[in-house]
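Here are my notes on the model you sent over. Have it open while you go through the points.

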Amino acid sequence: MPLDLSKHLRMKAENFEKSKGHPWPVVPRGEQTFAGIPVNIQGSTMTFGQSNANNGLIYPETVAGIPCQLKFETLYIVHTAFYAGESGEPAFEVVLNYPEDEKQTETILCGEDTLDWYGFDRFGGSVH
C-alpha cells in the first residue's frame, strides 16, 4: 500500500512532461513494478545537494513528517541521486521514527544504494 506523499512532493508526476531542462519526461510514473515490487510513483521530493546548489537549485535539507500510521513488514523507498558523489560516499539518510521515540537510520551510499539517474555511466552510455 503506497503512502500518500502528495504534501511532500516538489514536483508531481503529471508535471514530469513539462520539464525542459532535465529528462523528467522519461521518469516512470504511476503504478510500476521494479524487481517484482509494486510501487506508485506520485512525483518527486528533492533535498539539498551541493552540485544542485552550485547550479542555483536550492532544495530543503530534509523532508520530515511523512506519516505512515500503518504497520508494515517491509517498507520500500524508491530513491536516486541527481548528481551522485564518489562510490561509497553518503548520499542521504533515511530516518524512520517509531512509537516511543524509537528510531532507525539508514545511510544511503552513492554507487552502492543509489545511482545518478541524470548522467553518464562509466561505459559511455546515458543513464536515465
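**Notes on the model**

1. Ser44 counts as buried, because its relative accessibility is 9% (buried means under 20% relative accessible area, exposed over 50% and partly exposed in between, with a 1.4 Å probe and protein chains only). Ser44 sits in strand β4, residues 43–44; helices (H or I, at least four residues) and strands (E, at least two) are DSSP runs, numbered from the N terminus. Leaving out residues up to four places away in sequence, Ser44 touches Leu9, Arg10, Met11, Phe16 and Trp24, where contact means heavy atoms within 4.5 Å.

2. A word on the ground rules: this is a predicted model, where local features need pLDDT of at least 70 and side-chain atom pairs count only at pLDDT 80 or more, while totals for chains, interfaces and linings use all residues. Residues are numbered from 1 along each chain as its sequence is written, and side-chain values use heavy atoms, with hydrogens and water left out.

3. Now the rings. Rings of Phe, Tyr and Trp (its six-membered ring) pair if their centres lie within 6.5 Å; planes under 30 degrees apart count as stacked, over 60 as edge-to-face and the rest as tilted. That rule gives 1 aromatic pair. Phe16 and Trp24 make up this tilted pair, at 4.9 Å centre to centre with 40° between the planes. Both Phe16 and Trp24 are buried.

4. Which residues make up the largest nonpolar core? Its 9 residues are Met11, Ala13, Phe16, Trp24, Val27, Val39, Ile41, Met46 and Tyr59. Such a core is a set of buried Ala, Val, Leu, Ile, Met, Phe, Trp, Tyr and Cys residues joined through side-chain atoms within 4.5 Å. Not counting residues up to four places away in sequence, Val39 touches Gly30, Glu31, Gln32, Phe34 and Val78.

5. On to the strands: β5 (residues 90–98) and β6 (residues 102–109) pair in the antiparallel sense over 8 bridges. Two strands pair if DSSP finds at least two bridges between them. Pro90 stands opposite Leu109 in β6. The two strands form a hairpin with 3 residues between them, and Glu100 in the turn has a positive phi of about 65°.

6. Ala53, in helix α1 (residues 50–54), is buried because its relative accessible area is 18%. Apart from neighbours within four places in sequence, Ala53 is in contact with Phe48 and Ile58.

7. Last, the cysteines. The model holds 0 disulfides (a disulfide is a pair of cysteine sulfur atoms within 2.5 Å). Cys68 is partly exposed at 24% relative accessibility, whereas Cys110 is buried at 2%.
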